[in-house]
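These are my notebook entries on a structure that I looked through for the first time. I kept them in the order in which I looked things up.

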Amino acid sequence: MTNTIKKLAVIGGTGLTELEGLEIIESKEVATPYGKPSGPLVFGKLDGKEVIFLARHGNPHRIPPHEVNYAANIFALKQEGVTSIIGVNAVGGIEYLMGPAHVVIPDQLIDYTHSRKNTYFEGEIDAVTHIDFSYPYTESVRQLLIDAAEAHDVAYSDYGVYACTQGPRLETAAEVARLERDGCHIIGMTGMPEAALAAELEIEYACLALVVNWAAGKTANIITMDEIDQAIDEGMGYVRQILVETIKQ
Ligand code: HPA
C-alpha cells in the first residue's frame with residue numbers, strides 16, 4: 001500500500017506528552033473558532049522528517065478525557081495543513097491476547113461517549129452533512145503502523161474494535177462484559193470524537209493504542225494507577241519505535 005502521508009501530526013495521549021527524539025523547531029500557541037487546543041502545536045523533525053506533535057491532555061497531563069477540546073485540536077491541525085494524524089491512546093484490554101504492554105492498531109470502533117462536541121456540522125451551516133464512517137481508520141496509515149510494528153518485533157495486533165467510553169471513571173465489570181458481547185477488544189476514553197472530527201475535515205486518521213491494564217473484571221484484581229504506570233513504562237518505548245519507523249517510511 002502506498003504511503004499517502006503528506007503532512008503528519010501525532011496526537012499523544014496518556015504516557016506520551018512529549019515525543020522523545022523530536023528536534024523541536026517551533027512551539028506555537030494557536031487559536032481556532034472552536035477555542036484553544038490542548039496545548040501548543042510542537043513543530044519538529046524526527047529522523048529528518050517533519051511532524052507536528054500535540055499532547056491531547058496538555059503538557060503536563062491535566063485535561064481529563066471528557067474535557068479535551070477535540071474540535072479545537074483537530075481544527076488547529078487542519079489549519080496547519082495536516083493531511084494525516086496518528087492518535088496514540090492508552091487503553092484497557094478486553095481480548096485475551098491484548099494484555100498490558102500489548103500494542104493494538106484497531107480497525108473499528110464503537111462510540112459510547114456522550115455530551116462531547118462530536119461534529120463540526122451543526123449550528124450555522126449551509127447544508128446537513130452526514131459523513132461516511134463505515135471504516136473509521138485510514139487503511140493506508142494503519143498499514144504503515146503495522147509495517148513499523150512488524151519491523152520492530154513488537155507484540156501487536158493489527159485489528160481490534162476500540163470501545164470509546166465517556167470516563168473519567170473506569171468501567172464496571174458488567175460494563176466490560178457488555179462491551180465484550182458488543183465485540184469490543186480494547187477500551188479507551190479518547191478515541192472519539194477525535195476520529196470522526198478528523199474524518200469530517202478529510203484528514204487521514206489511524207490509532208496506535210497501547211494496552212496499559214486488563215479491563216475491569218478481566219482479572220481478580222482491581223485496577224491500580226501503579227499497574228498502569230508500569231505498563232506505560234514498559235510499552236511506550238514500543239510506541240515510540242513504531243512512530244519513528246512510521247515517520248521514516
Ligand atoms: N478503560 C477505559 N479507558 C482506559 C482504560 C480502561 O480500562 N485503561 C486506559 N484507558
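**Strand pairing**

The model is a predicted one, in which local features need pLDDT of at least 70 and side-chain atom pairs count only at pLDDT 80 or more, while totals for chains, interfaces and linings use all residues. Residue numbers start from 1 along each chain as its sequence is written.

I then noted the strands around this pair. Strand S2 (residues 23-28) and strand S3 (residues 41-46) run antiparallel and are joined by five bridges. I use DSSP runs for helices (H or I, at least four residues) and strands (E, at least two), numbered from the N terminus; two strands pair if DSSP finds at least two bridges between them. S3 also pairs with strand S4 (residues 49-55), again antiparallel and over five bridges. Here I found Val 42 bridged to Phe 53 in S4. The hairpin of S3 and S4 has two residues between the strands, and Asp 47 takes a positive phi near 55 degrees there.

**Whole protein**

I counted five helices and 11 strands in the protein. The C-alpha atoms fill a box of roughly 50 × 40 × 35 Å along the principal axes.

I recorded 48% of the 249 residues as buried. A residue is buried if 20 or more other C-beta atoms lie within 10 Å of its own, exposed if 12 or fewer, and partly exposed in between, with C-beta atoms placed from the backbone. Of the contacts with a separation of 6 or more, 81% join residues 24 or more positions apart; contact requires C-beta atoms, placed from the backbone, within 7 Å.

**Helix H1**

Which residues of H1 are buried? I listed Tyr 70, Ala 71, Ala 72, Asn 73, Ile 74, Phe 75, Ala 76, Leu 77 and Lys 78. They are nine of the 10 residues in H1 (residues 70-79). The buried residues pack against strand S1 (8-12), S3, S4, S5 and helix H4 (194-200). Gly 81 follows H1 and has a positive phi, near 85 degrees.

**Shell around the ligand**

I looked up the residues around the ligand, including Ala 90, Val 91, Gly 92, Glu 171, Met 189 and Asn 213; each has its C-beta atom, placed from the backbone, within 6 Å of the ligand. Strand S5 (84-93), strand S10 (186-188) and strand S11 (204-214) each supply at least two residues of this shell. S5 gives the most, with three residues.

**Phe 133**

Is Phe 133 buried or exposed? I noted it as exposed, because 12 other C-beta atoms lie within 10 Å. Phe 133 sits in the loop between strand S7 (108-111) and helix H2 (139-151). Leaving out residues up to four places away in sequence, Phe 133 touches Ala 196 and Ala 199. Its C-alpha atom is 9.9 Å from that of Gln 108, which is 25 residues away in sequence.

How values were computed:
Contact = placed C-beta atoms within 7 Å.
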